[in-house]
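Please look over the structure below before reading on. The text starts with its pockets and then turns to its strands and helices.

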Amino acid sequence: MRRLREDGTPDKGKGFLIRQMTVDDMPAVMALEKASFKNPWSTELLGRELQHDWSTILLVEEPKAEGGVDLLGLAIFWIVHDEVHVLNVATAPVHRRRGVARTVMEEVLRRGVARRCSLATLEVRRGNESALNLYRSLGFRPVGIRPNYYVDEGEDAIVMVLDF
């Protein structure tokens, strides 16, 4: 697993920066959510996640040649007791297939290991082959189905687990 640091040190292979979200990031995060999902998270829901001690929102950014950064993706996860629970992973559509989701998931899992977690869990849409393939490649295995989990689309979720 590639090691990334909390302070936003770039991933040597791709030049991505990873850091925790702040309230000031809300407009950019909402734009990413709306571009990535048919039913994006709300500002209120994201704001609540920023307030919980057990919740972390990581942003993946890339420096621009002219200065500043582009927001490429994010991951929202909880660490509760000895478990990492991934709630949301998003990659901006124009930056998909560049390793953004893999990079942020590797950092999520690294943090779980550092906190001595014993497992990681997540739910993923049954029809999201790209995400299913990514999670399998990271060692997750399917353990169940949540029927009609994504109610708005009537789609089932596959529950996946990774043992550390």
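β4 gives the most to the lining of the largest pocket, with seven residues. Helices and strands here are DSSP runs numbered from the N terminus (helices H or I, at least four residues; strands E, at least two). The model is a predicted one, in which local features need pLDDT of at least 70 and side-chain atom pairs count only at pLDDT 80 or more, while totals for chains, interfaces and linings use all residues. Residues are numbered from 1 along each chain as its sequence is written, and side-chain values use heavy atoms, with hydrogens and water left out.

The space in the largest pocket comes to about 1,200 Å³. Its lining has 36 residues, and F37, V89, N128, A131 and Y135 are the closest to the centre. A pocket is found on a 1 Å grid over the protein atoms alone: it is an open set of points where a 1.4 Å probe fits, with protein on both sides within 12 Å along at least five of seven lines, and lining residues have an atom within 4 Å of a point. Grid points are joined across faces, edges and corners, and a volume is the space filled by probe spheres set on the points.

At least two lining residues of the largest pocket come from each of α1 (26-36), β4 (83-91), α3 (100-114), β5 (119-125), α4 (129-137) and β6 (141-150). By type, the lining of the largest pocket holds 16 nonpolar, ten polar and ten charged residues. Here Ala, Val, Leu, Ile, Met, Phe, Trp, Tyr, Cys and Pro count as nonpolar, Asp, Glu, Lys and Arg as charged, and the others, Gly among them, as polar.

The second largest pocket has a volume of about 210 Å³. Twelve residues line the second largest pocket, with T56, F77, I79, R111 and R115 nearest its centre. Two or more of its lining residues come from each of β2 (55-63), β3 (69-80) and α3. With three residues, α3 gives the most to this lining. The lining of the second largest pocket divides into four nonpolar, three polar and five charged residues.

Seven strands form an open sheet with mixed pairing, in the order β1-β2-β3-β4-β5-β7-β6. The edge strands, β1 (17-20) and β6, each pair on one side only. Two strands count as paired if DSSP finds at least two bridges between them.

β2 and β3 pair over nine bridges in the antiparallel sense, and P63 has V69 in β3 as its bridge partner. β6 and β7 are antiparallel over six bridges, and G144 has the bridge partner V159 in β7. β6 and β7 also form a hairpin with four residues between them, and G154 in the turn has a positive phi of about 65°.
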